Amino acid sequence: MQIVNKKAKFNYILYERIEAGVSLTGAEVKAIKTGRGDLSNSYAKIIEGEAYLVNANFPAEGIQNYNPTRTRKLLLHKDELVSIATKVKQKKLTLVPTKVYTKGRLVKLEIALAKTKRKFEKKESIKKKDIEREIAQQLRSKY
């Protein structure tokens, strides 16, 4: 199963992608495997040498006093954490989760180093998509 963050490509310019494990409860894993989850407002942070996933929504059913948007720890090697932290600080990038997927029986998270797009860059990407859509429609109508 795969849950994709569609807003990430629109709001950010994505550079380097990194695969990380996620520390989850059993109910959260079940929610991900059934396709329930939302990464649209989430981001990753490095705090005191450890990476965390903040504000990702994985709703688990049947559990009382459960917070679906709790902060979850990301499982990365120490050298990966150091390289990511230096890139984030030097180039003023953010860590954006792009997708959550299962790999065998494990749940993996793909995070990307990203830079936020400005308003005019977003408008340009919308124009480009509209032009491509119109061209595709005209080609379909001719044939």
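**A tour from strand S7**

Select Ala20 and then Leu109 in S7: the two stand opposite each other. Strands here are DSSP runs of E of at least two residues, helices runs of H or I of at least four, both numbered from the N terminus. This is a predicted model, in which local features need pLDDT of at least 70 and side-chain atom pairs count only at pLDDT 80 or more, while totals for chains, interfaces and linings use all residues. Residues are numbered from 1 along each chain as its sequence is written, and side-chain values use heavy atoms, without hydrogens and water.

Next, show S2 and S7, which pair in the antiparallel sense over 8 bridges; pairing requires that DSSP finds at least two bridges between two strands. Val100 has Leu109 as its bridge partner in S7. In the hairpin of S6 and S7, with 2 residues between the strands, select Gly104, which has a positive phi near 70°.

Colour S7 by burial: 8 of its 11 residues are buried (under 20% relative accessible area with a 1.4 Å probe, protein chains only).

Now select the largest nonpolar core, which has 22 residues. Such a core is a set of buried Ala, Val, Leu, Ile, Met, Phe, Trp, Tyr and Cys residues joined through side-chain atoms within 4.5 Å. Phe58, Leu74, Leu76, Val100, Leu109 and Ile111 touch the most other members. S7 supplies the most residues to this core, 4.

Finish at Phe58. Leaving out residues up to four places away in sequence, Phe58 touches, among others, Leu24, Ile32, Tyr66 and Val100 (contact means heavy atoms within 4.5 Å).

How values were computed: Buried means under 20% relative accessible area, exposed over 50%, partly exposed in between (1.4 Å probe, protein chains only).
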